[in-house]
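Subject: Structure handover

Dear colleague,

Here is the structure for your files. My notes on it follow below.

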Amino acid sequence: MFRTLSLSKQGLSTVGVKCAAVLGSLALLVSVAACGTTDTNTSGSAATASASGASSADPQGYDTSAVTKDPEIAAMLPESITKDGKLTIGADTSYAPGEFLAADGKTPIGFDVDLSRAIAAIFGLKEVTVTSTLDSVIPAVGSKYDIGLSSLTMTPQRMDAVEFVTYFKAGSTYVVKKGNPKGIDSEHLCGQKVAIQTGSTQEELINQANAKCKAEGKDPMQIQSSKMQTDVTTAVATGKADIFYSDTPVAGYAIKQTGDVLQSIGQDVGVTPEAVAIKKGDMATAKAVQRAIQKLMDDGTYKRILDTWGVSSGAIDKAEINPRLD
C-alpha cells in the first residue's frame with residue numbers, strides 16, 4: 001500500500017471481535033468498518049448482503065453476478081490454483097474503500113473485493129477473501145493465498161518478493177483534525193505524533209523522514225504504528241496522534257465517513273501503481289490475472305466497479321506485469 005490508504009480499521013481480539021468505542025462523528029466510521037479478526041475466511045460483498053448477513057446499511061458494492069467464465073483465460077491458470085474451485089485472496093480488510101468489513105464484522109466489502117470477485121468469475125472460481133494484516137499478506141502469497149489483492153503499492157522491495165499485475169493508481173495524503181488546530185505542517189513533522197499503518201509504504205517514508213529529523217538534531221517524531229488502518233484513523237480523530245499518512249483513496253474515504261472530524265493537508269504525493277501480488281516466479285498465474293483484469297477493463301466492468309465506490313480517479317486502462325517503476 002503506499003498500501004495505500006485505508007480507513008475503517010479496528011481493534012482485534014484473539015477469536016472474536018472487539019471494538020473500541022469512538023465518540024461523535026466516528027460512530028459511522030466504526031459501524032462501516034465494524035470489527036475484524038485475523039485470518040478469518042470470509043467472502044461476499046454488499047451486493048450479496050442479504051445472503052451473507054451484511055447489514056443493508058453497508059455501502060452497496062457492484063453486483064458482479066453478470067461476469068461469466070472466460071474458458072480461454074481460465075485455462076491459463078495452473079492446476080495448483082484451480083483444483084479446489086476457489087480463488088483464495090489475502091487482504092487487510094481494514095482499508096476502506098478498498099477492502100474492509102461490513103457491519104456484521106465478517107463480510108469483506110470494497111472495490112478491491114468486488115474486483116476480486118469479478119476476476120474469480122472470469123476464472124470460473126469461487127472468490128474467498130481471507131482477512132489478514134497488511135504486513136502478512138505478501139509473505140503468504142503462493143502458500144496460504146493464491147493472490148494478494150489489498151491496495152498493495154508497488155515498490156522495488158516488494159517486487160523482489162512477488163510478481164505484480166497492476167490495476168489501480170494512488171498517491172499518499174496527510175490527514176489531521178478538522179481545522180488543523182495544532183497547526184501541523186506536513187513538510188515539518190519532526191517532534192509530531194504521527195500515526196501510520198504497520199507495513200505500509202507510508203510507514204517506510206515516515207521512518208526515513210524521522211531518521212532525517214534525528215540526523216539534523218531535531219526532535220524525533222513520535223510514531224504510532226498500528227496493524228489496522230482504523231486504529232490509525234481513530235488515533236487522529238480522538239487526538240491521540242496529530243496526523244496520519246495513508247493512500248489517497250483511503251484518506252478521502254476516512255474524511256467522508258467521519259463527517260467534520262478530519263481533513264487533509266498539503267499536496268497528494270507519489271502517485272504509484274497498485275497491483276495484485278502473485279507468487280514469485282509464477283508467471284502462468286500472473287499472465288492469467290493480467291488477462292482477466294484487462295478483460296474487465298475492456299468490457300467496462302472495471303470502470304463500473306470503481307464508479308460504484310467513487311474511486312474512478314485511480315483508474316488505469318492497461319493491466320501490466322511488473323512494469324518499470326520510474
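A residue is called buried if its relative accessible area is under 20%, exposed if it is over 50%, and partly exposed in between (1.4 Å probe, protein chains only). This is a predicted model: local features need pLDDT of at least 70, side-chain atom pairs count only at pLDDT 80 or more, and totals for chains, interfaces and linings use all residues. Residues are numbered from 1 along each chain as its sequence is written, and side-chain values use heavy atoms, with hydrogens and water left out.

Aromatic rings

Rings of Phe, Tyr and Trp (its six-membered ring) pair if their centres lie within 6.5 Å; planes under 30 degrees apart count as stacked, over 60 as edge-to-face and the rest as tilted. The structure contains 5 aromatic pairs. One of them joins Tyr174 and Tyr245, and it is stacked because the ring centres are 3.9 Å apart and the planes stand at 10°. Tyr174 belongs to strand S8 and Tyr245 to strand S11 (residues 243-247), so this pair ties together parts that are 71 residues apart in sequence. Helices (H or I, at least four residues) and strands (E, at least two) are DSSP runs, numbered from the N terminus. Tyr174 and Tyr245 are both buried. Elsewhere, Phe100, Tyr253 and Trp309 make up one aromatic cluster.

Disulfide

There is 1 disulfide in the structure, a term that stands for a pair of cysteine sulfur atoms within 2.5 Å. The partners are Cys190 and Cys213, with their sulfur atoms 2.0 Å apart. The link of Cys190 and Cys213 is left-handed, with -90° about the S-S bond. Cys190 sits in the loop between strand S8 (162-177) and strand S9 (193-197), and Cys213 in helix H8 (residues 201-215), so the bond ties together parts that are 23 residues apart in sequence. Cys190 is partly exposed at 25% relative accessible area, whereas Cys213 is buried at 3%.

Backbone

Most residues other than glycine have a negative phi, and most peptide bonds are trans. Which peptide bond is cis here? The one that joins Ala96 and Pro97, with omega at about 5°. Pro97 is found in the loop between strand S3 (94-95) and strand S4 (99-101).

Asn180 has a positive phi, near 45°. Asn180 lies in the loop between S8 and S9 and is buried, with a relative accessible area of 18%. Asn322 also has a positive phi, of about 45°. Asn322 is in the segment after helix H12 (301-309) and counts as partly exposed at 25% relative accessibility.

Regards
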